[in-house]
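Me: I've got a model open here and want to see how its labels follow from the numbers. Can we go through them one at a time?

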Amino acid sequence: MQENTGVTADYPGDAEVTDDFGLAGVPDAFQRLWTPHRLAYIKGGQNQFKNEDDCPFCVAPSRTDEESLIVRRGKTCYVVLNLFPYNPGHLLVCPYRHVPDYTDITVQETAEMAELTQTAMRVLRKVANPSGFNLGMNQGVAGGAGIAAHLHQHVVPRWGGDGNFFPIIAQTKAITQTLDEVRQQVADAWPEESDLSGETDA
């Protein structure tokens, strides 16, 4: 007796190409979005930058802020706009040092990374009014890091309804501003060092 998996052939044309074979498995509450095209990026991106000479996060600080899309330079870390953003204003906080893992950075680098992340959130709230954020680090090849050799933290602003069918079905993300416009807007709103003391969220 075949278990009912909930798969139907109600969509026009499905009946002609659907058989009655059912794969083993137990239905659950998850809906799965299959994105095999991401595998090419994951496989290529994680292993293509092995050392400081070709690492984009090592090369970026040697160029102008405009060329590298850098928003803010700190003492041990800097903030840069993601070249392939999930959403407008998607920032990366990177240490200058070429280290792969969160456990590799110093206490000073950890503190500045946290401070820059907090300030990035405050600035993005001011200029773009997001409803929320995704913060995270993908650690190592198995963790899904696009550039696993150089640690970086994502700061992704989120709005209600920003995850629609476009990226999934059309493999397209609608970004409403150019990267240089976003970089300039965020950089202009970034507070001076003297403004950071005692700063709190409103």
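Me: What makes His-98 buried or exposed?
Reply: His-98 has a relative accessible area of 18%. Buried means under 20%, exposed means over 50%, and partly exposed is what lies in between, using a 1.4 Å probe and protein chains only. So His-98 is buried.

Me: Before going on, what kind of model is this, and how are things counted?
Reply: It's a predicted model, where local features need pLDDT of at least 70 and side-chain atom pairs count only at pLDDT 80 or more, while totals for chains, interfaces and linings use all residues. Residues are numbered from 1 along each chain as its sequence is written, and side-chain values use heavy atoms, with hydrogens and water left out.

Me: Where does His-98 lie, and which side chain does the side chain of His-98 make a polar contact with?
Reply: His-98 lies in the loop between strand S3 (91–95) and H5. Helices (H or I, at least four residues) and strands (E, at least two) are DSSP runs, numbered from the N terminus. The partner is the side chain of His-150, at 3.3 Å. A polar contact is a pair of N or O atoms within 3.5 Å; within protein, one must be able to donate a hydrogen and the other to accept it, and residues adjacent in sequence count only if both atoms are side-chain atoms.

Me: How many helices and strands are there in the protein chain?
Reply: There are 7 helices and 5 strands, and along the sequence they follow α-α-α-α-β-β-β-α-β-β-α-α. Of the chain's 202 residues, 32% count as buried.

Me: Why are H5 and H7 called roughly perpendicular, rather than roughly parallel?
Reply: The axes of H5 (residues 107–128) and H7 (residues 179–189) cross at roughly 115° and come within 9 Å. Axes are lines fitted to C-alpha atoms, for helices over the stretch in contact, and angles run from 0 to 180 degrees between N-to-C directions. Under 35 degrees counts as roughly parallel, over 145 as roughly antiparallel, 65 to 115 as roughly perpendicular, and the rest as oblique. H5 and H7 are therefore roughly perpendicular to each other.

Me: Is the crossing of H5 and H7 right-handed or left-handed?
Reply: H5 passes H7 in a right-handed crossing. Left-handed is when the near helix is turned anticlockwise from the far one by less than a right angle, and right-handed is when it's clockwise.

Me: Which residues in H5 and H7 meet?
Reply: On the H5 side it's Val-123, Leu-124, Lys-126 and Val-127, and they meet Gln-185, Val-186 and Ala-189 in H7. The residues of this contact divide into 5 nonpolar, 1 polar and 1 charged. Ala, Val, Leu, Ile, Met, Phe, Trp, Tyr, Cys and Pro count as nonpolar, Asp, Glu, Lys and Arg as charged, and the others, Gly among them, as polar.

Me: Why does Val-186 get its accessibility label, and what does Val-186 touch?
Reply: Val-186, which sits in H7, is at 1% relative accessibility, so it counts as buried. Leaving aside residues up to four places away in sequence, Val-186 touches Val-71, Leu-91, Val-123, Leu-124 and Val-127. Contact here means heavy atoms within 4.5 Å. The C-alpha atoms of Val-186 and Val-123 are separated by 6.6 Å, though these residues are 63 apart along the chain.

Me: What is the phi of Leu-69, and is Leu-69 buried or exposed?
Reply: Its phi is near 65°, a positive value in a residue other than glycine. Leu-69 is in the loop between helix H4 (65–68) and strand S1 (70–73). With 11% relative accessibility, Leu-69 counts as buried.

Me: What about the phi of Asn-129, and is Asn-129 buried or exposed?
Reply: Asn-129 has a positive phi of about 50° although it is not a glycine. Asn-129 is found in the loop between H5 and strand S4 (132–136). Its relative accessible area is 60%, so Asn-129 is exposed.
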